[in-house]
Amino acid sequence: MSNTQDLLRQTGRWKRWEVPLWLLALASPLLLSGHALIINEIAIVALFALSLDLILGFTGIVSLGHAAFFGMGAYSAALFAKLVMPDPLVGLAVGIACAALLGALCSATILRGTDLTRLMVTLGVALILGELANKLDWLTGGADGLQGVMMGPLLGQFEFDLTGRTAAWYSLTVLLVVFVITRRFVNSPFGATLKAIRDNRLRAMAIGIAVNSRMALVYTVAAALAGAAGALLAQTTGFASLDLFEFHRSADVMLILVIGGVGWLYGGITGAIVFKLMQDAISSITPQYWTFWIGLFLVVLVLVGRERLIRPWTWFGKGKTGGAA
Amino acid sequence: MLTILFDGIAYGMLLFILAVGLAVTMGLMNFINLAHGAFAMVGGYITVLLMQKFGVPFLLCLPLAFVGSALLGALLERTLYRPLYHKPHLDQVLFSIGLTFMAVASADYFIGSGQQIIQLPEWLKGRTEFGDGAWMLGMGHYRLFIIAVCAALTVALQYVLTKTRFGSRLRASVDDQRVAAGMGINVNLVFLTTFAVGSGLAGLGGALGAEVLGLDPSFPLKFMIYFLIVVAVGGTSSITGPLLAALLLGIADVAGKYYIPKLGGFIVYSLMIAILIWRPQGLFVRKGGK
């Protein structure tokens, strides 16, 4: 027993290279002062991917509707700021709470059925919310999006400015906090049971793990984190639109996670950096047809395999290649 | 009211033709193919281009759309899809999303992002009405035509799957590939044919539906959800499941949009979620069916 605990503690321990990495990340809005906006975006997307990783990478739930929680967080934070009070931290908490509530409600939908059923119900939830946000235009602004969200200064001190430096720090800090919490979470005994469920659900059930309640709980937590990402986006851009719920958001975040590596907490972050930089580069060349390249990239990624794509030197070794690669 | 029912049935039939190919690849071959709508779009664009640029008559365009998308499907199956049959579902989802994105962007690039309009021949444009008041039945000739074509196709498909040699080979290959191969069935060929026919049907559906559903480069993404609902709700073990699901969906959608337009797609999605929570394997599943 104590052996397992040691093991868990060890995998959860901070490695030596991680501290300077995070310091560097936190310093980046200063070092690359012209790019604070994109740093902010990367941090948000990374947080979103991290939340998807919790359910996809650690529990094995395939979801095509993760944008539902992202949008929920964004809209509730934006509405809160507009109608109640403009404090960012309280707004963030409200966004998280609303998304968590929604996640708890939806967790009933993912407990039964096959991968296909799960894909469909998660997708359906996102669609319903998108439709709702569209139709309740007296509240959400409908297809025009929710405009005029003014945020108060962070902690009463730091104004959100046009350079986006405050925004970048804000998002990075939230990302760091969430990362630390998530790491504790997946390396706890609870996290270990999640991995057991992912690897073999039947066996997990047989050794007495309450599969359903754990899946429901982790889904709720993931929803809350996605809501946090959405809230950050709405707060730092001062805008929320229907596009938040759209299918391509869910698809993009899945892609980000797969690029970076599923079931590895840094995967979402790495993926977010690669994806955002790639998007920035490609869309500055061909703004309209960026989806073509992302599609091509996906196809190649799956056919060649992620492992072999990031390690090109293995292409010619062994001679054991698969399929159309 | 009857008119709505009639339109709903026509719409459902159309969805069925679009989705039945997907039901086969997804249900029988166990491949989650989100790119199915792209084949439908190809069929639609083949029809539009042939009619506009070359003046080919509409009726001739339909089989051409079928053949065109079937060939494309066969080509892609051979080159891209086959290595993925045994990969995890996540890989299949990612791959087919990628393919869809590429198709959308390509259609946008080559043909333009505008909505395409199909000029129907004169004899399909009319409308016949019976009765009066609440029970009036107005049948657009084109919808009648769609129902006729789809009904004929359904019967033909059912016949092929249950009564012919090819059907039994397909079912055998699906149930156990290794044994089927051992019995001398060329599994690869069977799958190739099935996939091609499925894509061809999608293309035909796209060609037929271009007038009703509208055709623009976002078609695969817009209707992907509907195909998936049909397949998920109908279950994948038979032809009748998706057919009934498509009819249900078509009628619910048309009626919902007519009576409560404010809710839009809301009804359909909620209906789907409710059904899937209630019966995760789909509504019409045989006991022990795959």
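**Helix pairs in chains B and A**

Me: What do the axes of H2 and H3 in chain B do?
Reply: This is a predicted model, where local features need pLDDT of at least 70, side-chain atom pairs count only at pLDDT 80 or more, and totals for chains, interfaces and linings use all residues. The axes of helix H2 (residues 36-54) of chain B and helix H3 (residues 58-81) of chain B come within 8 Å and cross at roughly 140 degrees. Axes are lines fitted to C-alpha atoms, for helices over the stretch in contact, and angles run from 0 to 180 degrees between N-to-C directions. Helices (H or I, at least four residues) and strands (E, at least two) are DSSP runs, numbered from the N terminus. Residues are numbered from 1 along each chain as its sequence is written, and chains are lettered from A in the order in which they are written.

Me: What is the orientation of H2(B) and H3(B) to each other?
Reply: H2(B) and H3(B) are therefore oblique. Angles under 35 degrees count as roughly parallel, over 145 as roughly antiparallel, 65 to 115 as roughly perpendicular and the rest as oblique.

Me: Which residues of H2(B) make the contact?
Reply: Among them are Phe39(B), Val42(B) and Gly43(B). On H3(B), the residues include Phe58(B), Cys61(B) and Leu64(B). Contact means heavy atoms within 4.5 Å.

Me: How do the residues of that contact divide?
Reply: For H2(B) with H3(B), into 12 nonpolar, 5 polar and no charged. Ala, Val, Leu, Ile, Met, Phe, Trp, Tyr, Cys and Pro count as nonpolar, Asp, Glu, Lys and Arg as charged, and the others, Gly among them, as polar.

Me: Switching to chain A. How many helices and strands?
Reply: Chain A has 15 helices and 0 strands. Its C-alpha trace spans about 55 × 45 × 40 Å along its principal axes.

Me: At what angle do H3(A) and H8(A) cross?
Reply: Roughly 20 degrees, for H3 (residues 36-56) and H8 (residues 165-186) of chain A. Their axes come within 8 Å. H3(A) and H8(A) are therefore roughly parallel to each other.

Me: Which residues meet there, in H3(A) and H8(A)?
Reply: Ala36(A), Ile39(A) and Asn40(A) are among those in H3(A). Those in H8(A) include Arg165(A), Ala167(A) and Ala168(A). By class, the contact of H3(A) with H8(A) has 17 nonpolar, 3 polar and 1 charged residues.

Me: How far apart are the end C-alpha atoms of residues 21-48 of chain A?
Reply: They lie 20 Å apart, and the span is 86% helix and 0% strand. Over residues 207-233 of chain A, the end C-alpha atoms are 42 Å apart, with 85% helix and 0% strand.

Methods:
Heavy atoms only, no water.
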